[in-house]
Amino acid sequence: MSFKGWKTHIEEGDLVIAYLSRESMMPIVINKKETYNNKYGIFRHNDMIGKEYGSKMGSHTGRGFMYLLHPTPELWTQVLPHRTQILYAADISFITSYLDLKPGSKVIESGTGSGSFSHSLARTIAPTGKLFSFEYHEERATLARGEFEAHGFGDIIKLEHRDVCADGFGIKDTVHAGMSRHETVLLRFWKCTVVVNWYALLNLIVFLDLPAPWDAIPATKETFKQRRTGKICCFSPCIEQVTKTVASLNENGFVDITMYECLIRNHDVRTIQVLTVADAIQSAKDKAQQKSLMMQQRKRKRQQRDDPKPDEEDKDQDLEPEADGADADADADASTVEQEPDADAIAREVNNMLVTKTPVEARGHTSYLTFGTFLPVLDDDMRIKEVSAEGSG
Amino acid sequence: MDDLIPATTTQDDVDEDIPVIRANQYILIKMPSGNQKVVTLRPDSLVSLGKFGSFHANDLIGQVFGHSYEIYGRNQIRVTSNWALEEVEETDANNREIFDDSSTQKLSFLDIEKLKEEGMKGELEGKDIIQKMVDSHASFDKKTEFSKAKYIQRKQKKFMKVFTPLRPTMLSVAQYFFVKNPDKVRNMRIDTLSQILSFGNVHANSKLLVVDDTQGLVISAVAERMGGFGTILGIHDGDNHNYDILRYMNFSKHVLDSVTTLPWTKVAKDAAQEPFDYKTEEQLGNMKELDRNGYYRRKRGYEKLQAAKQSLWDGNFDGLIVASQYTAVSILETLLPYLGGSRPIVIYSIHKEALLDACVWMRKSVDCLNPQITESWLRQYQVLPGRTHPEMTTTGGAGYVLTAMRVIDFPTQAAVGMGSRRNKEVDSEDGRSVSSLGTRGTRRGGDRGRRGGWDSGGRGRGGRGVRNAKNRSEQASASALMTKGDDGEPSKRVKLDD
């Protein structure tokens with residue numbers, strides 16, 4: 001449908017991402033008989049058909065509105081049904097670049113999981129590439145296959161329910177790049193370090209029983225196109241797994257083995273007031289003045305109580321500060337009134353500055369990305385000239 | 001070497017069974033020191049790698065990428081095994097008795113120079129030099145195994161005459177320029193570039209608008225990801241584009257044809273009418289051959305420019321990607337109307353401060369949804385067996401990316417109370433309205449919509465005719481036009497057509 005190519009208008013059967021806010025998005029499949037209900041009211045699918053993607057849409061009840069967004073792998077990553085731990089934008093982007101993926105690339109992905117990365121991969125290698133995706137969990141494989149077909153990736157992604165650690169990939173001399181991750185297992189492993197209960201312990205044993213990422217590496221070798229350079233990426237959350245993966249890559253002749261971590265940090269833009277020491281002094285002075293004013297008032301009230309006829313001198317003194325105070329109040333009122341229409345513009349004139357702030361809590365770790373390069377196999381057909389006769393060093 | 005135009009192929013490397021190193025193309029050479037070098041392989045020439053020696057280009061042409069070669073004898077090369085990561089066994093040795101001074105090395109500076117000279121002449125191999133240095137190192141045996149390995153590795157970087165030819169790809173080229181000349185590419189690191197491509201949903205069969213002042217890095221990356229399917233319109237300074245990096249990518253004609261360009265001066269609509277003095281067949285017949293060729297060249301250039309302008313004005317771009325010296329707000333004001341609905345806007349800057357105004361501007365604009373500034377963080381590790389740790393030095397930063405989504409506001413749907421003022425603004429400002437911060441909060445949902453009038457659909461957006469002007473098939477034919485002809489640009493520049 002529309003993941004691998006842009007559409008301009010919404011049609012029956014389309015997947016639309018309903019955007020209510022940054023935190024609240026919902027994938028909906030357009031069926032003209034259905035309605036989508038949220039806290040802003042009722043939205044009829046039939047009213048969405050024919051609208052341009054990106055349109056703002058009011059609810060039928062008029063309580064609010066949302067935006068109808070075109071699906072992209074990036075949005076899908078934010079709204080997809082989680083069946084496993086998923087890959088996020090930072091890792092997805094970096095792996096895609098590091099594996100040199102582009103239209104026409106042929107890629108193996110071991111561990112389909114929830115299909116977050118698969119969508120991104122398929123988008124990048126379409127229309128001429130192929131993604132061979134392997135998932136050993138039968139139900140997840142079925143669900144993912146259904147999603148890929150519904151999203152128009154049926155001809156790009158070939159999903160197979162298969163345990164690649166035990167049975168290999170069943171592909172020879174085909175792919176340019178491989179991506180291995182056994183997060184289904186690792187996720188359980190992770191959870192059990194957090195929640196120690198009987199069930200978790202059971203999972204721990206299951207983990208130990210199950211094959212590990214490095215077991216899949218020897219099998220990947222024959223899947224690569226044998227006469228060109230290929231790349232592999234292993235995605236593992238724990239450093240011990242990296243060590244084993246690196247050893248296995250090394251033993252199997254992969255070169256340029258390296259490992260990266262990549263994260264994305266948000267910077268929220270906001271305005272703050274510029275305050276100086278002079279402001280502090282002024283503020284202290286103002287307070288002191290107010291205080292003395294109050295003292296004077298109290299004194300006057302006391303005097304009035306004690307002596308119904310205040311003398312002339314006091315009266316003069318009182319008037320002035322009171323008048324000042326009234327002016328200040330009037331000013332404040334005026335400014336709040338004026339700030340209403342365009343608070344931001346005025347605020348910036350009034351000694352405000354634009355700054356950014358990093359969130360208090362952020363993602364600290366996703367996984368380690370271990371990369372290796374597969375070298376073309378040399379043989380007589382490769383025109384290695386006299387060099388191959390002498391043998392390599 | 002810089003005047004060379006890479007031999008343009010008709011086949012993309014990804015479709016080739018055995019992609020080999022071709023004559024007259026740029027390749028990257030990774031040297032023992034870890035540095036990289038761009039070289040062109042002219043047939044029958046000698047390629048110099050400085051202190052690591054030289055080799056004959058012909059010996060490399062026709063070979064596959066990836067393997068490492070050792071220079072030996074008289075500029076000869078042979079395939080050598082890539083250094084494997086060696087397991088290092090821990091011993092009881094420590095550095096208690098090791099003194100760090102030059103007296104431990106018994107070979108003098110002059111001795112080593114002499115060894116190097118013999119190496120250059122091909123009389124001595126790199127590993128022999130290293131062995132000699134180890135043999136005459138007084139306290140080598142006292143070193144820990146880790147330390148020995150490190151010592152040998154350091155000497156290998158200096159004396160081994162091994163190099164690895166690499167195929168220029170977005171990754172290798174971006175990394176090369178980020179290390180060699182970061183200012184050229186606006187300090188754009190590969191992870192940031194990758195995120196720009198992801199956030200921009202760059203893929204085949206798109207029509208992308210790109211403002212690239214990274215000398216072509218962004219255009220090259222976008223072109224690689226689109227693989228020649230779709231159209232890229234690059235808006236550039238001056239009369240001719242400055243996408244220097246394009247030429248290192250060895251793109252096929254198929255991919256180069258997807259790149260079209262337009263200077264800023266032609267973006268404004270008032271630059272629309274530039275008449276061209278078309279000649280009749282008869283007039284052409286009377287012209288001298290030289291003049292006639294000149295006429296055809298001018299005509300092609302003119303038609304190409306007109307097609308690029310039309311492509312811009314047709315609008316409905318599938319993404320706007322910016323890495324420019326000009327303020328983001330000024331670019332948004334100029335180009336945002338040409339972007340389609342629900343399409344991504346991605347703006348890069350090495351300076352976060354340069355993006356703040358644009359972020360606020362987008363928040364206020366009813367045409368932009370969810371502006372966010374993000375920064376990428378990347379850490380590389382050394383993964384030698386038993387010696388895994390983050391690299392000791394890294395890059396300080398990789399710039400910032402401002403992203404948002406282009407959306408389509410429907411003034412008729414705005415709230416009666418708060419929204420009434422905004423509706424007025426929309427009317428008066430012809431669609432490029434800017435709502436106040438006060439109403440923005442309610443825009444995210446929750447403002448009271450007026451009943452009725454929902455189905456006004458795509459109407460009521462006067463002044464944005466560009467968006468509805470043309471359908472896709474017409475655009476496709478416009479872009480097909482652009483791929484013809486020769487622009488007669490200086491030869492240093494990659495030719496984007498013909």
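**Close-up views of a two-chain predicted model**

View 1. Gln195(B) counts as buried, at 1% relative accessibility (buried means under 20% relative accessible area, exposed over 50% and partly exposed in between, with a 1.4 Å probe and protein chains only). The model is predicted: local features need pLDDT of at least 70 and side-chain atom pairs count only at pLDDT 80 or more, while totals for chains, interfaces and linings use all residues. Residues are numbered from 1 along each chain as its sequence is written, chains are lettered from A and ligands numbered from 1 in the order in which they are written, and side-chain values use heavy atoms, with hydrogens and water left out. Gln195(B) belongs to helix 6 of chain B (helices, H or I of at least four residues, and strands, E of at least two, are DSSP runs numbered from the N terminus). Leaving aside neighbours within four places in sequence, Gln195(B) is in contact with Ala90(A), Ser93(A), Cys262(A), Ile264(A) and Ser376(B) (contact means heavy atoms within 4.5 Å).

**View 2. Helix 5 of chain B.** Helix 5 (residues 170-180) of chain B is largely enclosed by the rest of the structure, because 8 of its 11 residues are buried. The buried residues of this helix are Met170(B), Leu171(B), Ser172(B), Val173(B), Ala174(B), Tyr176(B), Phe177(B) and Phe178(B). In chain A, they pack against helix 3 (89-98) and strand 11 (230-236). In chain B, their partners are strand 1 (26-30), strand 2 (36-40), helix 6 (190-199) and helix 7 (217-226).

**View 3. Thr388(B) in strand 14.** Thr388(B) is located in strand 14 (residues 387-390) of chain B. With a relative accessibility of 30%, Thr388(B) counts as partly exposed. Not counting residues up to four places away in sequence, Thr388(B) touches Ile239(A) of the partner chain, and Tyr381(B), Gln382(B) and Val383(B) of its own chain.

**View 4. The contact of chain B with chain A.** Chain B contributes 99 residues to the contact and chain A contributes 93 residues. Between them the chains bury about 8,500 Å², of which 52% is on carbon and sulfur atoms (buried area is the accessible area, with a 1.4 Å probe, that two parts lose on being put together, summed over both). Val14(B), Arg225(B) and Trp377(B) supply 7% of the area that chain B buries against chain A, more than any other three residues.

View 5. Glu135(A), in strand 8 (residues 130-135) of chain A, is buried, with a relative accessible area of 1%. Asp163(A) lies in the loop between strand 9 (157-161) and helix 6 (164-167) of chain A.

**View 6. Confidence along chain A.** The mean pLDDT of chain A is 78, and 76% of its residues reach 70 or more (pLDDT is the predictor's confidence in each residue, from 0 to 100). Within chain A, confidence is highest in strand 2 (residues 24-29), at a mean of 96, and lowest in helix 8 (residues 198-209), at 26. The pLDDT is below 50 over residues 318-341 of chain A, a stretch with 9 contacts in the model beyond near neighbours in sequence. Residues 381-393 of chain A also have a pLDDT below 50, and this stretch has 25 contacts beyond near neighbours in sequence.
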